[in-house]
Amino acid sequence: MSVQAASPTQPHENSTRDSIRYAVARNWNVAPGLEGAKHVRVHVHLKLSRSGEIVGAPKVTVTGGPKATQQAIAASAMRAVLRAAPLKNLPTDHYDDWKEVTLNFEPAL
């Protein structure tokens, strides 16, 4: 199972990306035995406030695998994101680098 924060490229952004990824990944639980789970990819695009709160509704995109498995994994990804919020210890002086984040959820990894 893998959660990745996409986009950052600067050294401080890598640290921020790791912080976001860790906060969300520790809250992500996928039910075992879901048919075709290894083929499902979930992308959750978030907008964040300076305090790390989620602003608006995250945009979820799901591909691969059976529809029921997609729904189950997408729901578990959203629960993980919501449980991790507000995201803590993000560098406010680099807010422009993390005000929008896309998290990639891949249960097969």
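This is a short chat about a predicted model of one protein chain.

Student: What should I know about the model before I start?
Tutor: The model is predicted, so local features need pLDDT of at least 70 and side-chain atom pairs count only at pLDDT 80 or more, while totals for chains, interfaces and linings use all residues. Residues are numbered from 1 along each chain as its sequence is written, and side-chain values use heavy atoms, with hydrogens and water left out.

Student: How many helices and strands are there?
Tutor: The protein chain has three helices and four strands. Helices are DSSP runs of H or I with at least four residues, strands are runs of E with at least two, and both are numbered from the N terminus.

Student: And in which pattern along the sequence?
Tutor: The pattern is β-α-β-β-α-α-β.

Student: Which strands pair with β2?
Tutor: β2 runs antiparallel to β3 (residues 59-63), with five bridges, and is also antiparallel to β4, with six bridges. Pairing here takes at least two DSSP bridges between two strands. Val42 has Val62 in β3 as its bridge partner, and Lys47 has Glu100 in β4.

Student: Which side chains of β2 are buried?
Tutor: Val42, Val44 and Leu46 point to one face and are buried. Buried means under 20% relative accessible area, with a 1.4 Å probe and protein chains only.

Student: New topic: which residues touch the most other members of the largest nonpolar core?
Tutor: Val42, Val44, Leu103 and Phe105 do, in a core of 24 residues. Such a core is a set of buried Ala, Val, Leu, Ile, Met, Phe, Trp, Tyr and Cys residues joined through side-chain atoms within 4.5 Å.

Student: Where does the largest share come from?
Tutor: From α2, with seven residues.

Conventions. Buried means under 20% relative accessible area, exposed over 50%, partly exposed in between (1.4 Å probe, protein chains only).
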